[in-house]
Amino acid sequence: HINIYSKGKTSLGRFLSNFTKHKVNTSDGEFMSIEGYWYWLGCTHPDKDKLRHLSGFEAKKIGRELNALDWQEDNNFKNKICSAIQKKIETAPPDLYKEFIKSSLPFMHYYVYGKNPEKVIHVPEGQWIIDFISQLRNRLI
């Protein structure tokens, strides 16, 4: 499988992570990461535009400091995130785009902590993202 995780073992899994710094143009403007966009969408704070320029844990940290929501079940939110993920993949570096198209391994998302023994934490709330990425790959093949 390919773990979609910022510390995943594959370059494709790391690229597909919402934490990855990769400019994406959305219907709400430009963002440096899906994570920044995620928190921007869940934020009402007047300083939320600083999230446009952030990636990685910094986007999550600042988003939380601005009282943005971590998870939303709203369909509009999910549609915007999926659209942004699709644009990110479509603008991936050519080698990663080819790898995405040619890969046949299933996608997963879980966190790994520690070394011996490793602690693995699955994130069932995000399964809709994994499903979307899998369906997108199937459409693009």
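**Figure 1. Cysteines without a disulfide.** A search through the whole of this predicted model turns up zero disulfides. Cys43 has a relative accessibility of 3%, and because buried means under 20%, Cys43 counts as buried. Cys82, at 11% relative accessibility, counts as buried too.

Figure 2. Welcome to the loop between α5 (94-102) and β4 (107-108), where Ser103 is found. Is Ser103 buried or exposed? Its relative accessibility is 13%, so Ser103 counts as buried. Two partners of its side chain can be picked out in this view. One is the backbone oxygen of Phe100, which the side chain of Ser103 reaches at 3.0 Å. The other is the side chain of Arg137, with which the Ser103 side chain makes a polar contact at 2.8 Å. Setting aside neighbours within four places in sequence, the residues in contact with Ser103 are Ile2, Leu12 and Arg137.

**Figure 3. Where α5 meets α6.** Two packed helices are described by the angle between their axes and the distance between the axes. Here the axes of α5 and helix α6 (residues 127-140) come within 8 Å, and they cross at roughly 90 degrees. Angles of 65 to 115 degrees count as roughly perpendicular, and α5 and α6 are therefore roughly perpendicular to each other. On the α5 side, the contact is made by Tyr97, Phe100 and Ile101. From α6 come Ile133, Leu136, Arg137 and Leu140. Sorted by class, this contact of α5 with α6 has six nonpolar residues, one charged residue and no polar ones.

**Figure 4. The buried residues of α3.** Which residues of helix α3 (residues 56-65) are buried? They are Gly56, Ala59, Lys60, Ile62 and Gly63.

Figure 5. Asn67 lies in the loop between α3 and α4 (75-90). Most residues other than glycine have a negative phi. Asn67, a residue other than glycine, has a positive phi near 60 degrees. With 65% relative accessibility, Asn67 counts as exposed, because exposed means over 50%.

Methods
Residues are numbered from 1 along each chain as its sequence is written. This is a predicted model: local features need pLDDT of at least 70, side-chain atom pairs count only at pLDDT 80 or more; totals for chains, interfaces and linings use all residues. Side-chain values use heavy atoms; hydrogens and water are left out. Helices (H or I, at least four residues) and strands (E, at least two) are DSSP runs, numbered from the N terminus. Buried means under 20% relative accessible area, exposed over 50%, partly exposed in between (1.4 Å probe, protein chains only). A polar contact is a pair of N or O atoms within 3.5 Å; within protein, one must be able to donate a hydrogen and the other to accept it, and residues adjacent in sequence count only if both atoms are side-chain atoms. Contact means heavy atoms within 4.5 Å. A disulfide is a pair of cysteine sulfur atoms within 2.5 Å. Axes are lines fitted to C-alpha atoms, for helices over the stretch in contact, and angles run from 0 to 180 degrees between N-to-C directions. Angles under 35 degrees count as roughly parallel, over 145 as roughly antiparallel, 65 to 115 as roughly perpendicular and the rest as oblique. Ala, Val, Leu, Ile, Met, Phe, Trp, Tyr, Cys and Pro count as nonpolar, Asp, Glu, Lys and Arg as charged, and the others, Gly among them, as polar.
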